[in-house]
2 protein chains.
Amino acid sequence: MKKLITVSVKTILLLALSSTALAQDSELGLSDGSVEHAKALRDTAMQGSMAYSIVESLTTEVGPRLAGTEAEARARDWAVAKLDELGFENVRIEPFTIQGWERGSESAELLAPYPQPLSFTTLGGSVATPEAGIEADIVLFPSLADLEAAAPGSLTGKIAFVSHAMQKTQDGSSYGFHGRLRRSGASIAASKGAVAILIRSIGTDSHRMPHTGSMRYDPEIEKIPAAALSNPDADQLERIHARGETMRVRFNVQPTFTGESETGNVIVDIRGTESPDEVVIIGGHLDSWDLGTGAIDDGAGIGIATAAAKLILDSGKRPKRSIRLILWGAEEVGLLGGFAYLERHKKDLEKQIIGTESDFGAGKVWQLNSQVSEEAQPLVDKMAELLAPIGVAPGSSNSPGAGPDLTPLVRAGMPSLRLNQDGNDYFDLHHTADDTLDKINPHDLDQNVAAFAVFAWLAADTDLRFKAP
Amino acid sequence: MKKLITVSVKTILLLALSSTALAQDSELGLSDGSVEHAKALRDTAMQGSMAYSIVESLTTEVGPRLAGTEAEARARDWAVAKLDELGFENVRIEPFTIQGWERGSESAELLAPYPQPLSFTTLGGSVATPEAGIEADIVLFPSLADLEAAAPGSLTGKIAFVSHAMQKTQDGSSYGFHGRLRRSGASIAASKGAVAILIRSIGTDSHRMPHTGSMRYDPEIEKIPAAALSNPDADQLERIHARGETMRVRFNVQPTFTGESETGNVIVDIRGTESPDEVVIIGGHLDSWDLGTGAIDDGAGIGIATAAAKLILDSGKRPKRSIRLILWGAEEVGLLGGFAYLERHKKDLEKQIIGTESDFGAGKVWQLNSQVSEEAQPLVDKMAELLAPIGVAPGSSNSPGAGPDLTPLVRAGMPSLRLNQDGNDYFDLHHTADDTLDKINPHDLDQNVAAFAVFAWLAADTDLRFKAP
């Protein structure tokens, strides 16, 4: 008797839950059982996904893969083969070209007052020094604002050194402020007469690991070489400066501009059942900087997005809209994959329903931000509800942004959602030689896969419009 | 009234303590008030010592200081000036010569199956490759024992790669076992026909920071180049090996042997009042590897020992025996400062009463080990009692060893004491470019200074003989 009663209660509960669930589904424009399916995807991912094995494969079998190089081409070949092997159909490359740049030899040493070598690296896009290098005194600026305040001509014949130190933040928001030094510092220093600029790495570690990253020149101003010292080396120069000593440096970098170079986005769709032309985009970027093997930037994103797509592919259900997995090319050198995609698909802009990219390392997702229509907000709230048990808190519902490569689409009006990862440690490794597989915790990747699968499934399986009318 | 009573009680307590203390002092062969003086030294050090400022000065104003180079000579000049400035008298250098070696250019890349650069460094004392480098297939051995088991001739034309991974231990004891690969691996590999050897770094971190360190050749066996990969690079080769792939490497190192080179020990005494010829030795080593600025290896030891001596110098009391501070030269290349000192002072061997060296990083002291006469054991027990409140536990009383540079003296019969530092993290940084000042916690140095001051004071202020009859 006891057993029979138990079963009956269970049955009643299941029926009750089930009818609630169905009501939920239809109110959110979803097919029947869609929310339960999203939960199942989440729980399956949390029990272990293939994200880590994908990152392992990419970082081992390709390694560093700078945009526009033969190594990035091998990464595209790897991606096509991997997606084929995983059972995706119609994997394709959308090629485009970029102006290539490659790091060359690099050496720098303090000549006076205390001779010693310096650990540093050339910034991406920097011009070379003369072949014999540059030998000059350093003028130290505590911040970019101090450099900007220097009088024109005051740095003639000098090397500017800007030492402002980036702080850790969970959301990585200090990168914007501090990163401006890397992106724009060279032309600002050149406008004051400097012959080169050295910056403290845009990074939060304390290792002899200089951080590279892209920079640009103001076309109106003379181009001077630009490089980043590791944080301990920047500390060292600050200590010497504090002694009132003039520092003299010998500095030689020989990067080359390699001209028009092939790159591309690797794309595959899980075809929708009702509106296959409408696509929900997930992805990560395939290129990396040349110093490390691009594990956290962005092998992790490739692994997370691919594993989420694979989970849905294998789930036996297809959503109404298509889910598009994009493994972006040439992100590091100016989001060029994102711009190329927009250019190619701008006639279908309205079909790019919503998207998100994983490109902030391998830490857990802690926050969901979005910017969607009022109509679709309840569905985003439902996503947040499903993700709360795995540690994701609802964030802003007025936050455009879906990851770097989707910036061009978002600026063009595409609704967006972002699964923010914990970035406290991200800038310890970002753009350094130390960005390698050993830094990734597979279980943290699984949590990301769960979040991506929930987002991609629900966004693709609804009839709701994410775009405000 | 109340106040008067309080004072009386205090006075009685002080008198009682004082008479106990005096009894203690005389039983231990110490001058009156000696134990209290040791406590005061300890407590003063714990409130802040100058150890950190000394390391800061050495690592900033000299930086890397490889034995036998002009940089090590600058370190000796720095040391003499610093000790003069601190008020020590009769600072002197005992010079000697060594066979110099300097690192040259280094490059290595995996050519197949997955082309990528490797992060590695030449081992100290290695011969160069031919100018054009070496290109060869790798044979991977999980351990040195596996390499030793390989058949003669089985590695002809190959590069041996030995991947055994060092584990962290508090006492650093795994260095002996794992370090043998670095010290002796080249000749073992050469005896099997290998053209070069690559090893996994003897280090416990997971950064792209290869660990250098000294190696030696068996004079009977052909000399082949030897280098260490960073741990993440070694992991990478293991992953590729696990795929069953043959790895081909291009490898080029150009170190040079610089012939007879000057080095030396910097020495100063705090002269004893009763037996000034008898010396208690404390110190650290002045040379460092060339990659980092030698903060933990061994700027920390220089700072700790010098600050302890300075504390005693400024304490207004002089011990019976002399305290000798030795800033050793050429430790990294074979304890050559220690051997030179023994050679020079072997006629005074009986006057070298006891000694200890700080050369295990900047972590706190956690254990006191010693090997002294039965007569002196109660004094060592007293040292342990005084150090217990600052976190030092008594260890073995049958443990010869006083630090690397005192090994020759200890082997020749000098009693020894060792203040073991926590070494769990030491081999994360040891012999890498990452051995820089930012890794040091000043308060941990102060605790070391306290321990060194207690040891040096009590050992020098006693009449007890440390050497067993």
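## Terms and basis

A cavity is a set of points, on a 1 Å grid over the protein atoms alone, where a 1.4 Å probe fits but cannot get out, and its lining residues have an atom within 4 Å of a point. Grid points are joined across faces, edges and corners, and a volume is the space filled by probe spheres set on the points. The model is predicted, with local features needing pLDDT of at least 70 and side-chain atom pairs pLDDT 80 or more, while totals for chains, interfaces and linings use all residues. Residues are numbered from 1 along each chain as its sequence is written, chains are lettered from A in the order in which they are written, and side-chain values use heavy atoms, without hydrogens and water.

## The largest cavity

By class, the lining comprises five nonpolar, five polar and four charged residues, with Ala, Val, Leu, Ile, Met, Phe, Trp, Tyr, Cys and Pro taken as nonpolar, Asp, Glu, Lys and Arg as charged, and the others, Gly among them, as polar.

## The second largest cavity

The second largest cavity has a volume of about 70 Å³, and its lining includes A:R208, A:P232, A:Q236, B:T293 and B:T436. Helix 7 of chain A gives the most to this lining, with four residues, and the lining divides into four nonpolar, five polar and three charged residues.

Note on methods. On a 1 Å grid over the protein atoms alone, a cavity is a set of points where a 1.4 Å probe fits but cannot get out, and a pocket is an open set with protein on both sides within 12 Å along at least five of seven lines; lining residues have an atom within 4 Å of a point. Helices (H or I, at least four residues) and strands (E, at least two) are DSSP runs, numbered from the N terminus.
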